[in-house]
Amino acid sequence: MTDSEEFHITIGHSPASDGWGFVGSVKIADHECYRTLRVFPTPTDALRATQVVVGDVLGALLAGQEWRTLSDEVGRTPTRADLRLGLTNAFAHQDGDPGRG
């Protein structure tokens with residue numbers, strides 16, 4: 001594969017090896033890297049369950065990376081202000097009155 005080629009991560013389904021239902025699968029390009037442990041009654045059920053697993057894993061990885069990046073940027077454990085949780089001065093004083101908000 002050259003640098004200009006793309007590869008895709010695909011989520012799909014396959015018949016279970018015992019022929020009783022369907023499993024979800026994840027492929028990177030042509031390499032199958034994951035099959036669900038559970039068997040599902042329909043291809044749609046297998047696909048949905050696999051989408052949830054992949055989505056949850058990606059969400060956890062991305063959130064962890066964002067936390068580590070912010071921690072590195074501020075040099076400590078991020079605070080609510082670093083995370084911009086709650087109102088900040090930019091939002092609290094939109095009406096021009098610093099005493100309100």
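Student: Is Arg-35 buried, partly exposed or exposed?

Tutor: In this predicted model, Arg-35 has a relative accessibility of 35%. Buried means under 20% and exposed means over 50%. The value for Arg-35 lies in between, so the residue counts as partly exposed.

Student: With which residue does Arg-35 form a salt bridge?

Tutor: Side chains of opposite charge can pair when their charged atoms come close. For Arg-35, the closest N and O atoms of the pair are 2.8 Å apart.

Student: Which helix holds both Arg-48 and Asp-45?

Tutor: These two residues form a salt bridge, with their closest N and O atoms 4.0 Å apart. Arg-48 is exposed at 52% relative accessibility, whereas Asp-45 is partly exposed at 28%. They are three residues apart, about one turn of the helix, and that helix is α1.

Student: How many salt bridges does a search of the whole structure find?

Tutor: The search of the whole structure gives a total of three.

Student: Which element supplies the largest share of the lining of the largest pocket?

Tutor: The largest pocket has a volume of about 170 Å³, and its lining consists of nine nonpolar residues, with no polar and no charged ones. β2, β3 and α1 each supply at least two lining residues. The largest share, four residues, comes from α1.

Note on methods. Residues numbered from 1 in each chain as written. Predicted model: local features only at pLDDT ≥ 70, side-chain atom pairs only at ≥ 80, totals over all residues. Heavy atoms only, no water. 1 Å grid on protein atoms, 1.4 Å probe; cavity = no way out; pocket = protein on both sides within 12 Å on 5 of 7 lines; lining within 4 Å. Points joined across faces, edges and corners; volume = space filled by probe spheres on them. Nonpolar A, V, L, I, M, F, W, Y, C, P; charged D, E, K, R; others polar. Salt bridge = Lys/Arg side-chain N within 4 Å of Asp/Glu carboxyl O. Buried < 20%, exposed > 50% of the residue type's maximum accessible area, 1.4 Å probe, protein only.
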